[in-house]
Amino acid sequence: MVDLAHDLSVGHSSRLVAGLKRGGARLWIGVALVGILLLVSLLAPLIAPHDPIEQDLMSAQLPPAWINGGEPAYPFGTDSLGRCVLSRLIYSARTAVVVALIAASLAAVIGIAFGLIAGSFGGWVDQLTSRLIDVWMAFPPVLLSIVLAAVIGAGLTSVIAAIVVVDWTRFARVVRAETMTQLRRDYAAAARVIGLSRGGIMWLEILPNLVPLTVTLLAVEMGIAILVEVILSFVGISVAGDTPTWGGMIAEGRQIVHQAPWIMALPIGCIILSVIGFNLLGDGLRLLLDPVQRR
Amino acid sequence: MRWGEIIRRLVLIPPTLFGVAVIVFVLLRVVPGDPIAMMIPPGATPADITRLRAFYGLDQPILQQFVTWFGQVLNGDFGRSISVHQGVFELVLARLPATLELALLALLIAVGLGLIAALIGIHLRGRRMEWLVDIGIGVLLAVPDFLWALILLLLLGVLIPLLPISGRIDPQLDISFHSNFYLVESLLTGRFDVADALLHHMILPALALALPFAALVARILKTSLAEAEDQDYAQIARARGFSRPEILLREVFPNALIPTVALGGVQATLLLGGTVLVERIFSYEGIGNMAIDAVINRDFPLIQGLVLTFAVLFIALNLAVDLVVTLLDPRLRHG
Amino acid sequence: MTPALFIQGLRVTIGAGTSAANVLRGVSLELQPGEVRGLVGESGAGKSMLGRAVLGLLPANAAIAAGRIAFEGRDLLAMREPERRSLLGRRIALIPQDPMTSLNPVKRIGAQVAILLRHHLASSRRAALQRAAELLAEVAIREPERVLGLYPHEISGGMRQRVLIAMAFACDPSLVIADEPTTALDVTVQRQVLQLVERLRQRHGAAVLFVTHDLGVVAKICRTMTVLHAGRVLEEGETAHVLARPGHPYTRALLAATPRADRPAEALRPVPPSLIENLWSEAHQFDRLAAAGPA
C-alpha cells in the first residue's frame with residue numbers, strides 16, 4: 001500500500017478539483033436563489049401588482065391567470081377575500097427575509113459568545129454552559145419556539161426572539177468544540193508564549209479560524225429561521241393582523257384546499273426554493289472557504 | 001469505560017429534567033398573558049376571577065408556585081388542565097399512544113426507505129448514477145417534515161385523493177378499544193380491517209415524518225458503507241473469493257451500522273419533535289396537536305406536562321441509542 | 001511441470017487519459033509449485049501492486065493494460081468471475097500486511113475463520129468451528145477454543161497475524177501471496193511469524209510469493225528472489241546467488257543499504273541518485289515503446 005502513496009496523492013488532488021467544481025455549482029445556484037429572494041423582498045412595492053391587503057370580494061378565489069376563469073390582473077389568482085396571491089407571496093418574502101437576517105445574526109452572536117467563553121475558559125464555566133445546552137437539547141425545538149412566541153405575544157419581535165432563544169445552541173455547540181480544538185493547536189500555544197492575553201488570542205487567532213464554520217452555519221440558520229417563521233405563522237402566532245406571511249397563506253389555503261389548492265401550493269413552493277437556496281449556499285460556502293476539511 | 005459513560009448519562013437525567021421544568025415554568029410566568037382572562041365566562045365578577053386564580057394557584061409568588069407544582073409532580077400529580085378541566089397526567093397518557101404509534105411507524109418507514117436508498121447508492125458507487133442518488137437524498141433532506149406533510153396533503157389528499165387527510169380514524173366507525181394503542185391493539189386482536197383503517201389515516205403523516213429522516217439515514221449509512229468497504233478487512237474478503245453482495249452484507253454492513261445508529265439515533269429526536277406540526281396539519285389526535293392547542297389556550301399546567309413528556313422521550317431516546325451502539329460494537333462493550 | 005504462477009508482460013496503469021501512470025511496466029515472473037520467491041524493491045517499485053493484480057485487488061482507478069496471469073496454467077484474467085472466486089481464498093491465498101486492520105472488528109475470530117471454510121469447503125457450522133480450532137492450534141495459538149470466541153481487539157497484533165496466516169492456509173492453497181506480512185510487527189514477533197509461514201508452507205506444499213522490502217527476510221526464507229524497480233524486473237535468481245554476486249548496480253546498492261548483524265555498523269549508504277535517475281529514464285523509454293505499439 002506504501003507503493004500507492006504517490007499515485008493516491010494525484011488522485012486526491014484531482015478529486016479536490018472535481019469537488020470544488022461541484023461545490024461551485026451548488027454555490028452559484030444557492031447564491032442565485034437567495035439573491036432572487038433578497039431582491040424580491042427589497043423591491044416588493046415596485047414589483048407587486050396589487051396592495052397585498054387590498055380586498056376585492058367580487059373576484060374572490062380566482063384561479064391563476066393561465067387556468068380557465070383566471071384574470072390577467074391576478075397572475076396567481078386571488079384568495080378567499082379576493083386578495084392578490086402574487087402580491088401576498090412577494091410581501092411574505094419580505095417578512096421571511098427580515099426574520100431570517102435578524103434572527104440568524106442574533107442567534108449567531110449569542111451562540112458564538114457562549115461557545116467562545118465555554119471553549120476557552122473551560123472548567124466550571126464550560127460545565128455550566130454544557131449543562132445549559134443539554135437542557136436546551138431536551139426540548140423539542142418546534143414546541144419551544146411555539147410556546148415562546150405564544151407567551152411573548154404576536155409580532156415580528158416575538159418571532160425573532162423565539163428563534164434566537166431556541167437556536168443559539170446550534171452555534172454555541174459547534175463554536176465551543178472548535179475553540180477547544182484550535183486552542184490545542186500549536187499556534188495558540190505559540191501565541192501564549194509570545195505573551196498574547198487570552199482575549200488577544202481569542203480575537204487574533206481563534207476567531208478568524210472560526211469564520212468558515214460560522215459563515216456556513218449562518219447561511220443554514222437563515223434557512224431554518226425562515227422555516228420557523230413559517231411554522232409560527234402557520235400555527236397562527238406570528239406577526240399580527242393581515243401582514244402577509246407564507247405560513248399564514250398556507251393556513252388559510254388549508255381551509256379551502258379542495259376548492260383552491262393553488263393558494264396552499266404556491267407558498268409551499270416559495271418556501272422550498274428559499275430553504276434549498278440557503279442550504280446550497282451553506283454547502284457551497286463550506287466548500288469554498290474550507291476546501292480541505294470539506295466533510 | 002463505556003458503561004461508565006452510560007451511568008454518567010443516567011445521573012445527568014434528573015438535573016436536566018429539573019432544568020427543563022424550571023425554564024418552562026418561569027418562561028410561562030414572567031411574560032404577560034393571563035390564562036384566567038381567557039376562561040372567564042361573560043358576566044363574571046372580580047370575586048369569581050380571584051377565586052379562579054386562587055384555585056389554580058396563580059395568585060402566589062412564582063417561587064411558591066414552582067415549589068408547590070414541583071412537589072406535586074414528584075408525587076405524580078401534574079395538576080389540572082385549565083382549558084379541558086381534567087388531570088394533565090390522564091390527558092397526556094390518553095394521547096401519548098397515538099403519537100408513539102405514529103412516530104414508530106414513521107421510524108420503520110424511514111429505516112426501510114433509508115436502507116434501500118443507501119444500498120442502491122452503494123451499489124452504484126463510482127458510477128454516474130450515484131450522483132442522482134446523492135441529489136435525491138439531498139433534496140429529501142433539505143425539505144423538512146412539516147413541508148412534506150403539506151406537499152403530501154396536497155398531492156395524495158387533494159389532487160389525487162387516495163388517502164384521508166385528517167384524524168386518526170373515521171369518526172363514523174364505532175369501535176371500542178381497551179387501550180389507546182389502537183394500531184397495536186387491533187393488530188394483536190386480529191381486527192385487520194380496523195388496523196387497515198388506522199393505517200390509512202397514519203400513512204401520510206408518517207410518510208411526512210419519515211422522508212427527511214430516511215434521507216438522513218441513507219446519507220449516513222451510505223457514507224459509512226463506503227468507508228467500511230475501503231477498509232482492509234473488506235478488501236481482503238474480495239481476495240478470499242467472496243462476492244461483493246456477500247461482503248457488503250456480512251463484513252461491511254455490521255460495521256457501517258454502528259455509526260449509522262449512533263448518528264441517526266440522536267437525530268431521531270427531530271422526527272419525534274416533528275410530530276408537533278405534522279399532527280397539527282393532519283388533525284391527528286396525539287400529544288403534538290394537543291400541545292399547540294394548549295399553547296393557544298394558554299393552558300399552563302398542560303404545556304408544562306407536555307414539554308416534560310417530550311423531554312423525557314428525548315432523553316430516553318438518546319439513552320436507548322447509547323445502549324444499542326454499545327451492544328453493536330464489541331470494542332465498546334469490553335473497553 | 002506447470003508453474004504455480006505464471007506472469008507474462010504484465011502492465012498496470014493507474015489513472016486515465018493524460019494523467020495515467022504506469023506502475024508495472026511489463027513484468028514477467030514464474031513460480032514453480034512449492035517455490036518460495038522473495039519479491040523485493042523499495043517503496044513505489046510496484047511489488048505490492050503485482051500481488052494485488054494476481055488477487056484481483058487492484059484499486060478502482062488502476063487497470064491491467066497488457067499481459068497474462070496464469071495460475072496452474074489457467075488464465076486468471078480471462079476466467080469468468082465465479083470460477084475466479086472459487087480459486088481465490090481456496091487455491092490462492094493472501095497473508096495481508098497489517099494484522100491490526102485486516103480482521104473485521106465486529107466479528108468473533110471463530111466466525112471469521114469459519115465463514116471461509118463454509119464458503120469454500122461447504123462445511124457445516126459445527127465442523128467449520130471445529131476445524132477452525134485445529135487451524136489455530138496449528139499456528140501455535142494456545143487455548144484455540146477460547147480464542148475463537150474473542151474479538152480481534154482482544155488479542156495481540158502477533159496473535160492476529162497468526163490468525164490471518166491460519167486463514168490463508170485454511171483451505172490448503174497451492175499459492176500464497178504474502179504482502180509484507182512482517183512489516184507491521186516488532187522484531188521478536190517477526191521471527192516467530194516467519195518460522196510459522198515456513199512450517200505451514202512445508203506442511204501444505206504451497207508456493208509462496210513473499211513481497212517485502214527487507215532483504216534480511218528474503219535471505220532467511222526465500223530460495224529464489226526477484227528484484228523490482230520502477231515497475232520492472234531488474235534481476236532474478238537463486239537468493240544465495242543474487243545476494244552474493246548482485247548483477248545489477250541497483251541490487252548492489254539495495255544490499256549495501258541493508259543493515260546486517262554480521263557486519264560492523266557503518267554509515268548507511270543510500271542508493272545513488274544518479275542510478276535512480278538512469279533507471280527512471282529507462283523506464284520511461286519503455287513506456288514510450290509500449291505506447292508506440294503492442295509489446
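Modeller: The discussion below turns to chain C, then to a pair of its helices, and finally to a helix of chain A. Please note that this is a predicted model.

Biologist: How many helices and strands does chain C have?

Modeller: Chain C contains eleven helices and ten strands. Of its 295 residues, 44% count as buried. Among the contacts in chain C with a separation of 6 or more, 67% join residues 24 or more positions apart.

Biologist: By what are two packed helices described?

Modeller: Two packed helices are described by the angle between their axes and by the distance between those axes. Here, helix α6 of chain C (residues 157-168) and helix α7 of chain C (residues 187-204) have axes that come within 10 Å and cross at roughly 15°. Angles under 35 degrees count as roughly parallel, so α6(C) is roughly parallel to α7(C). The crossing of α6(C) past α7(C) is right-handed.

Biologist: Which residues of α6(C) and α7(C) meet?

Modeller: From α6(C), Gly158(C), Gln161(C), Arg162(C) and Ile165(C) meet Val189(C), Gln192(C), Val193(C), Leu196(C), Val197(C) and Leu200(C) of α7(C). Sorted by class, this contact has six nonpolar, three polar and one charged residues.

Biologist: Why is helix α9 of chain A described as largely enclosed by the rest of the structure?

Modeller: A residue is buried if 20 or more other C-beta atoms lie within 10 Å of its own. Helix α9 of chain A (residues 246-255) is largely enclosed because eight of its ten residues are buried. These are Trp246(A), Gly247(A), Gly248(A), Met249(A), Ile250(A), Ala251(A), Glu252(A) and Gly253(A).

Notes:
Residues are numbered from 1 along each chain as its sequence is written. Chains are lettered from A and ligands numbered from 1 in the order in which they are written. This is a predicted model: local features need pLDDT of at least 70, side-chain atom pairs count only at pLDDT 80 or more; totals for chains, interfaces and linings use all residues. Helices (H or I, at least four residues) and strands (E, at least two) are DSSP runs, numbered from the N terminus. A residue is buried if 20 or more other C-beta atoms lie within 10 Å of its own, exposed if 12 or fewer, and partly exposed in between; C-beta atoms are placed from the backbone. Two residues are in contact if their C-beta atoms, placed from the backbone, lie within 7 Å. Axes are lines fitted to C-alpha atoms, for helices over the stretch in contact, and angles run from 0 to 180 degrees between N-to-C directions. Angles under 35 degrees count as roughly parallel, over 145 as roughly antiparallel, 65 to 115 as roughly perpendicular and the rest as oblique. A crossing is left-handed if the near helix is turned anticlockwise from the far one by less than a right angle, and right-handed if clockwise. Ala, Val, Leu, Ile, Met, Phe, Trp, Tyr, Cys and Pro count as nonpolar, Asp, Glu, Lys and Arg as charged, and the others, Gly among them, as polar.
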